[in-house]
Amino acid sequence: MYAFTFHRPTSVRQAANLLGKHEDAKLLAGGHTLLPTMKMRLAAPAHLVDLSQIEGLSGIELKGRSISIGALTKHVEVANSDVVKRNLPALAELASLIGDPAVRHRGTLGGSVANNDPTADYPAALLALGATVVTNKRKIAADDYFKGMFETALEPDEIIVKVTFPIAKKAGYVKFRNPASRYAMVGVFVAKRSSEIRVAVTGAGGNGVFRVPAFEEALKKRFSPKSLEGLTIPAEGLNSDIHGSAEYRAHLVGVIAKRAVAAAVETPEVAVSDAPENGA
Amino acid sequence: MPAVAMTVNGKSVTGDVDARTLLVQFLRENLRLTGTHVGCDTSQCGACVVHIDGKAVKSCTVLALQAAGAQVATIEGLAPNGAPLHPMQAAFRENHGLQCGYCTPGMIMSAIDIVNRLGHDLEDKTIREELEGNICRCTGYHNIVKAIAAGAKAMQGQPAGQQAAE
Amino acid sequence: MHATGIGASVRRKEDQRFITGQGHYTDDINRPGQTHAYFLRSPHAHAKIKNIDSQEAASAPGVVAVLTGPQLATDKIGNLICGWMIHSKDGTPMKMAPHPALAVGKACHVGDAVAVIIAETLAQAKDASEKIKIDYEVLTAVVDPAKAQAKGAPQIHEIAADNTIYQWHLGDPKAAEAAFASAHHVTKIDLINNRLVPNALEPRAALAEYDSGTDQLTLWNTSQNPHVARLVIAAFVGMAPEHKLRVIAPDVGGGFGSKIFIYPEEVVCLWAARKVNRPVKWTSDRSEAFLTDAHGRDHVTHAEMAFSAEGRILGLRAKTVANLGAYMSTFSSSVPTYLYATLLSGQYDIPQIYCEVDAVYTNTVPVDAYRGAGRPEATFVVERLVEVGARELGLDPADLRKRNFIKSFPHQTPVIMAYDVGDYGATLKKAMDVADVKGFGKRRRESARHGKLRGLGYSAYIEACGIAPSQAVGSLGAGVGLWESAEVRVNPTGSVEVLTGSHAHGQGHETTFAQLVSERLGIPMDNISIVHGDTDKVQFGMGTYGSRSGAVGMSAIVKALDKVEAKAKKVAAYMLEAAEADIVFQDGKFTVAGTDKSAAFADVALNAYVAHKFTGAELEPGLKEGAFYDPTNFTFPAGCHICEVEVDPETGNTEVVAWTAVDDFGVLINPMIVEGQVHGGIAQGVGQALLEGAVYDANGQLLTGSFMDYCMPRAENFPTFRVETTETKCPSNPLGIKGCGEAGSIAAPVAVINAITDAIGSEDVIMPATPSSVWQTLQRIGGRKAA
């Protein structure tokens, strides 16, 4: 690790000021992507802005037909949240599949979304559910947020405050892990809402998370795994590495999407409850 | 160098550290608590697992400064100064859940965390899934799984304060 | 049975310190005034080093010294060596290229150490390393062993034309030819035994200290054999004479072979400690370990088996290219030769065997012994041939094995080994019973119902452990003897210290060795200490590898205990005023036969030291005896493992759903520990078959350079293992034991591959059989058996 100055602001405004003041500053949430990168000397921020002392950045809240989750909410809190499990069980399932238990105790929603690792899980949920990223400056629709591998619509001094997930009638997430890293080789989040059906894929794309319109069309006719039978996507533009060729990933997208739909179909239709819950 | 203060195994500790000091380095080098190990540099092996505020974390992926004000528990805190072994420690010995011993402190700290979260009646499959972040090269996990199942049962009825010895 | 004696599953003595965080591994040790070493390594697989400018680094904050390869020569520090001479078939000696501890003039693999920075802190050393400017001229690299000997391949070392280290063979080619000519059927296979990274969980470390007052050097390191390290560093590297060099290997966090070898880093730390006159510490991080710890396996093999019409094996032929990497590591030459080809007879009566092995240099990390070392590779060849042969002949694979098992002992194979004892039919039968092979058809149909392909694979393996006797291995090229030493020191109060040349790094010697002593002397386990791993305490020893510590190390203790008992009887005779011949030793008591006159072991010990009952002319005081034990033969553990898998035809993912191991290790000292060794071995073997593989790109960059890409086995990769044993006593050592440390890793890979190929109906499966590679095979065969 290179030397840096450590900051612990107590408000979002202070944190944003630090980002504005130092060009080479980085935000530290759970640190489970940034710190390993810094240890390898692949990232060298001169200033590290630890968000952990800022109140109000964590917690899970049900508001009408959506769930709002604070940026510093840890994966374990999303995975265990009664509100999420009741209303959006696929999201709780997704959170329970990130990393390992110790990683889930530290890693945060905001950190994952800000980093936009092409093999991370959360981006698939945001895109499939049509979530909204709320920052200290504005609201960004997921459709406009993800800009490719490790790229997002965030401006340099912009800080994610929370993410709002619309509740879906049916949703499912299935992940086929990279056996070594445990990141998604292919992860598919399928969501059926009254307005639309979306299929979002993480892990496979060379350019990060993406939707599969052909699958969405097929599922519109009938929301059943059978609708995706034999469907696949073109291998072009998909990741290809020692763990699997682009062709293999293209094939897996079809298989895993089918399984995600099956998982969605199996979950009981969500009855919306208004019980508030404070994220731990 | 910034100062850091935290509670480790029930004792208040302070130190001046380079900001880039990891919690595991602070424990091993500053406090000489060398039971917490480093087995990888990609946050995967779990040899460095300690508890922060009662939850298992990888101390190689936490800055010492991030743990300021926290309650940290390490393997050395489970049965300090010749106190009777924690039931999970005893279960690892009884079930031959260790060979070279290098992954063991992290395994035991993770195991206690699993019990704290999921209770005392653990199925083998659950234990295997929960050990996703702990790598052992010696045992083939067979006896670790047995040890954790037995340790979980033995932890039942233990006074709450002793569950993780924060 | 004695409660803590041989055969009891005594809980381990060493566990107390490990489960309380009180172990002492090398990195846990700090010395006053200690500095830290950081190695700057070549980013290129093959490059000339035209210039190193370390001026700016040398004056960076905290830097004590920057050292490079040419200075080694100035200080007369010699090269690292390979200690096992292999001659090619034409009689020429192997081509051992110079291996300096820091590269001189040329870097030969990514990770080759080019400079070392010694600084007050590790962070300062790393910071300074970025200020070193190295002018490299990048050369074309060769990575694939199958291409290393090709015309026009880049030449790595001047000494080795076509990158060939040796072209060795074993067996009678003409007789094998004749056997194949008479065959009813010949099975032919091409195999790659994938390159593995050992990944003991404790990374290697070295801490060196120099005492200028006494000119004494001390090295704490993560070694499986500190005495051999001292011998090589003293006699070949020329660092210091043996009596001025102390090597201490304290608690070591796993080895699996990778910590046998003498590595550049420990040499450099010693050298630097004397140069800067301060302790120097280096601890590898995991990424560094991937680039510097000796890798394992990496064979490319074509093999054939000839069968008669009755399904009798008539002959076996194999041609193997073994990749030894950029330099010859300490025992690398022996692995693909005498630890490999000599086991190609497996458990079978094969009249003719011929094996050719070419060892080659490539621009990759050196390759040496890794758990099993040669024997997993041999088992993979033999058991794939038998399995594929059975399928081609339309015979039941278990029946074909039974038909060809060796049934009378001793048995001389055509490839040197003389098997002393075994009962292969018994292990196979028991394994088939435990695995419920009869019920497999039903389970397969059950799997098919939920869309999975189920397969069953056998592995009837044999291994040779102990690696002895010394005279025999010497005639095959070994540079050392392969005996073991022990010293039993009885204290005046009757407690006992046993000094052993074996080294424990997870095997539990402090318990099993004490069990032997407890049983023999009738004293409690708590009164016994096992001392090992320090060249100042133990006079000499050969260390621990090749599953030798039980058969060889414990046998040395038996020999020393025999001497202790004989001496104690003399002391007891004076105490009890009886003839020495009338003294009987049993249950910790010396008794005059036919009387009730007796003396406890502790009383005899005290009398040996106070020496009041005898004169110096009659008997020497004291009770301490040493022994060196050289076995009469290798030991031959063998067994049968049966693996069941389920393959998901949609994803290609393989799940190991059942595992049965039935092994014959001879007499078991501590069944609990033996089972643990089997579990661990299976896990590493399954890892090789399904998960692990070191992959280089064409330029010699290691693509699997961390746990992010190199897949380590995790708990969820395994079912609960079913482990059983059978017993034929080994006649080659006094305890009748054979060795159990490597069996699992030898048996397992081929059992998995035989199961997957059975499941999918194609022999075209590589290791590691990752989901993507199995899926590709399924695509090629058009989902022939896919549900």
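In the predicted model, chain B is divided into two domains, domain 1 spanning 3–77 and domain 2 spanning 80–162. Their C-alpha centres lie 20 Å apart. Contact between the domains involves 19 residues of domain 1 of chain B and 15 residues of domain 2 of chain B. The area buried between domain 1 and domain 2 of chain B is about 1,300 Å², with 58% of it from carbon and sulfur atoms. On the domain 1 side, His37(B), His51(B) and Ile75(B) lose the most area to domain 2 of chain B. Together these residues account for 37% of what that side buries.

Polar contacts do occur between domain 1 and domain 2 of chain B, with eight residue pairs counted (both at pLDDT 80 or more). Strand 3 (49–52) and strand 4 (55–58) of chain B each supply at least two residues of the domain 1 side that touches domain 2. Strand 4 of chain B gives the most to this side, with three residues. By class, the domain 1 side that touches domain 2 of chain B divides into seven nonpolar, nine polar and three charged residues.

Chain B also contacts chain C. This contact takes 45 residues from chain B and 55 residues from chain C. About 4,200 Å² is buried between chain C and chain B, 52% of it on carbon and sulfur atoms. Within chain C, the most area is lost to chain B by Ile19(C), Leu201(C) and Arg714(C), together 17% of what that side buries.

Five salt bridges are counted between chain C and chain B. Asp127(C) forms a salt bridge with Arg20(B), and the closest N and O atoms are 3.2 Å apart. Four helices of chain C each supply at least two residues of the side that touches chain B: helix 1 (15–19), helix 4 (122–129), helix 9 (286–292) and helix 18 (671–691). Helix 18 of chain C gives the most to that side, with eight residues. The residues of chain C on this side comprise 25 nonpolar, 18 polar and twelve charged.

A further interface joins chain A and chain B. Here 29 residues of chain A are in contact with 24 residues of chain B. The buried area between chain A and chain B is about 2,200 Å², of which carbon and sulfur atoms give 58%. Lys39(A), His105(A) and Arg106(A) supply 25% of the area that chain A buries against chain B, more than any other three residues.

Three salt bridges are counted between chain A and chain B. One is formed by Arg177(A) with Glu132(B), whose closest N and O atoms are 3.4 Å apart. Eight residue pairs are in polar contact between chain A and chain B (both at pLDDT 80 or more). Helix 2 (34–39), strand 3 (47–50) and helix 6 (101–104) of chain A are the elements that give two or more residues to the side touching chain B. That side of chain A has 15 nonpolar, six polar and eight charged residues.

Chain C contains an open sheet of three strands in the order 4-2-6, with antiparallel pairing. Its edge strands are strand 4 (106–107) and strand 6 (133–138) of chain C, each pairing on one side only. Strand 2 (residues 47–53) of chain C pairs with strand 6 of chain C over six bridges, in the antiparallel sense. Glu137(C), in strand 6 of chain C, is the bridge partner of Lys48(C).

Key. Residues are numbered from 1 along each chain as its sequence is written. Chains are lettered from A and ligands numbered from 1 in the order in which they are written. This is a predicted model: local features need pLDDT of at least 70, side-chain atom pairs count only at pLDDT 80 or more; totals for chains, interfaces and linings use all residues. Side-chain values use heavy atoms; hydrogens and water are left out. Two strands pair if DSSP finds at least two bridges between them. Contact means heavy atoms within 4.5 Å. Buried area is the accessible area (1.4 Å probe) that two parts lose on being put together, summed over both. A salt bridge is a side-chain nitrogen of Lys or Arg within 4 Å of a carboxyl oxygen of Asp or Glu. A polar contact is a pair of N or O atoms within 3.5 Å; within protein, one must be able to donate a hydrogen and the other to accept it, and residues adjacent in sequence count only if both atoms are side-chain atoms. Ala, Val, Leu, Ile, Met, Phe, Trp, Tyr, Cys and Pro count as nonpolar, Asp, Glu, Lys and Arg as charged, and the others, Gly among them, as polar. Domain bounds come from an automatic or database domain assignment.
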